[in-house]
Amino acid sequence: MTLITRRRLLASFAGLAATAGLSSFWVSRMTSYKGPITDHFDGERFFDRDGAPPKGWMDVLRWRFTTKPAKWPDWVPNVAADIPPPSVTGAKARLSYVGHASWLLQTGGLNILIDPVWSERVSPVSFAGPKRHNDPGIAFDKLPKIDIVLVSHGHYDHLDLATLSRLAARDAPRVITPFGNDLTMTGHDSAIRAEAYDWSDRVVLGRDASGQDVAVTLVPTRHWTARGPFDRNRALWASFVVETPAGKIYVVCDSGYGEGKHFRSVGAAHGPLRLAILPIGAYEPRWFMKDQHMNPADAVMALADCGAEQALANHHFTFQLTDEAMDAPEQDLYAALDAVGVPRERFAVLKPGQVFEI
């Protein structure tokens with residue numbers, strides 16, 4: 001039997017904030033969303049008819065105190081450090097991998113950050129919880145002026161209030177997010193220009209030089225959200241389809257696979273897709289994680305389901321949220337691609353600081 005010390009219990013609760021929404025039990029400041037009942041909101045909480053509820057406390061404790069996570073290196077220096085151009089125009093898109101689920105997308109003259117996290121930890125407390133194992137691929141002071149921020153949901157490894165405040169103070173970008181997460185942001189800092197939307201809402205972000213819209217549509221994804229123990233699913237979560245001059249980019253920051261329905265639906269409704277960004281990490285132990293986090297084999301099926309020409313991997317390598325080794329997602333992805341005869345180059349794995357252009 002594993003000895004549960006007070007220190008380990010505290011660290012575990014802080015660490016679970018990123019993956020299970022269980023912040024330390026003294027932290028829960030989120031103001032709840034209020035709105036009409038819909039097919040995915042019951043008047044108090046959001047839900048996914050094609051999803052699965054997150055595990056309960058006893059399952060959380062079973063995972064945390066009956067398994068032994070792989071040992072990650074304390075620090076892995078980045079192989080690259082990107083210095084982005086001021087902007088990208090024409091029928092192009094430039095994607096720089098910041099790390100975990102954070103990206104800089106430059107297209108149509110706009111600079112768009114996705115789930116930006118520059119903090120040292122993804123946790124409600126500064127002294128415990130998942131810590132960075134590598135620097136952001138772009139130093140914060142090397143970022144171009146940011147026009148738009150997309151935030152997928154409220155878990156701490158995706159909604160980083162400290163980073164959003166820094167961006168608000170420096171550039172005052174529009175922040176596009178699903179219902180309820182705006183309240184978390186503005187409750188922390190009224191200068192954050194948060195705009196909240198529902199699944200299927202299309203938001204025009206700007207226009208390129210030819211007058212065509214650069215826009216984003218929020219689409220359903222198989223996940224959930226919380227910031228504390230009492231606000232589970234009181235905000236919404238989403239993936240994004242971004243319309244760019246280079247084609248449509250499907251951005252999935254965090255998702256389980258289930259039976260693949262959401263991926264097929266996006267492909268049918270929004271295709272053809274030029275690119276899909278799909279998560280490949282935070283998947284072990286499988287009995288606990290499979291409903292909310294894809295493993296690499298799931299991600300390969302998701303690529304086939306949505307029909308994107310190309311995929312990029314994310315949600316791995318920077319923060320140890322679950323039990324698999326640091327390099328396991330990349331190696332398991334290659335094995336999954338080889339098993340079904342998909343060329344490895346069709347599903348690229350970038351390291352922080354590396355760039356992909358279309």
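The points below set out features of a predicted model, taken region by region.

1. Strand S2. Strand S2 covers residues 102-107, and six of its six residues are buried, so this strand is largely enclosed by the rest of the structure. Ser-102, Leu-104 and Gln-106 point one way from S2, while Trp-103, Leu-105 and Thr-107 point the other way. Residues on both of these faces are buried.

2. Pairing of S2 with S1. Strand S1, residues 93-99, runs antiparallel to S2, and six bridges join the two. Within this pairing, Arg-94 has Gln-106 of S2 as its bridge partner. The two strands form a hairpin with two residues between them. His-100 lies in that turn and has a positive phi of about 55°.

3. Pairing of S2 with S3. S2 is also joined to S3, in this case by five bridges, and the two strands run antiparallel. Gln-106, already named as the partner of Arg-94, has Asn-111 as its bridge partner in S3. S2 and S3 form a hairpin with two residues between them. Gly-108, in the turn, has a positive phi of about 60°.

4. The seven-stranded sheet. Seven strands form an open sheet with mixed pairing, in the order S7-S8-S9-S10-S11-S12-S13. Strand S7 (202-207) and strand S13 (347-348) stand at its edges; each has a single partner strand, so one side of each is left without a neighbour in the sheet. S13 pairs with strand S12 (residues 310-314) in the parallel sense, over two bridges. Leu-312 has Ala-348 of S13 as its bridge partner.

5. Most residues other than glycine have a negative phi, and most peptide bonds are trans. Asp-115 has a phi near 40°, a positive value in a residue other than glycine. Asp-115 is found in the loop between strand S3 (110-114) and strand S4 (148-150), and this residue is buried, with a relative accessible area of 0%. Ser-200 is not a glycine either, yet its phi is positive at about 80°. Ser-200 lies in the loop between strand S6 (193-197) and S7. Is Ser-200 buried or exposed? Ser-200 counts as exposed, because its relative accessibility is 58% and the cut-off for that class is over 50%.

6. Cis peptide bonds. The bond from Gly-271 to Pro-272 is cis, with omega near 0°. Pro-272 is in the loop between helix H5 (261-270) and strand S11 (273-279). Glu-284 and Pro-285 are likewise joined by a cis peptide bond, with omega about 0°. Pro-285 is found in the loop between S11 and helix H6 (286-289).

7. Aromatic residues and charges over rings. The count of aromatic pairs comes to eleven. One aromatic cluster is formed by Tyr-33, Phe-41, Phe-46 and Phe-179. In two places an arginine is found over a ring. The charged end of Arg-64 sits over the ring of Trp-63, at 4.9 Å from the ring centre. Arg-166 lies over the face of Phe-140, and here the distance to the ring centre is 3.8 Å.

8. Thr-184. This residue is found in helix H4, which spans residues 181-188. Thr-184 counts as buried because its relative accessibility is 10%, and the cut-off for that class is under 20%. Thr-184 and Gly-353 are 169 residues apart in sequence. In space, the two are 29 Å apart, C-alpha to C-alpha.

Conventions. Residues numbered from 1 in each chain as written. Predicted model: local features only at pLDDT ≥ 70, side-chain atom pairs only at ≥ 80, totals over all residues. Heavy atoms only, no water. Helix = DSSP H or I, 4+ residues; strand = E, 2+ residues; numbered from the N terminus. Buried < 20%, exposed > 50% of the residue type's maximum accessible area, 1.4 Å probe, protein only. Phe/Tyr/Trp six-rings, centres within 6.5 Å; stacked < 30°, edge-to-face > 60°. Lys NZ or Arg CZ within 6 Å of the ring centre and 35° of its normal. Pairing = 2+ DSSP bridges.
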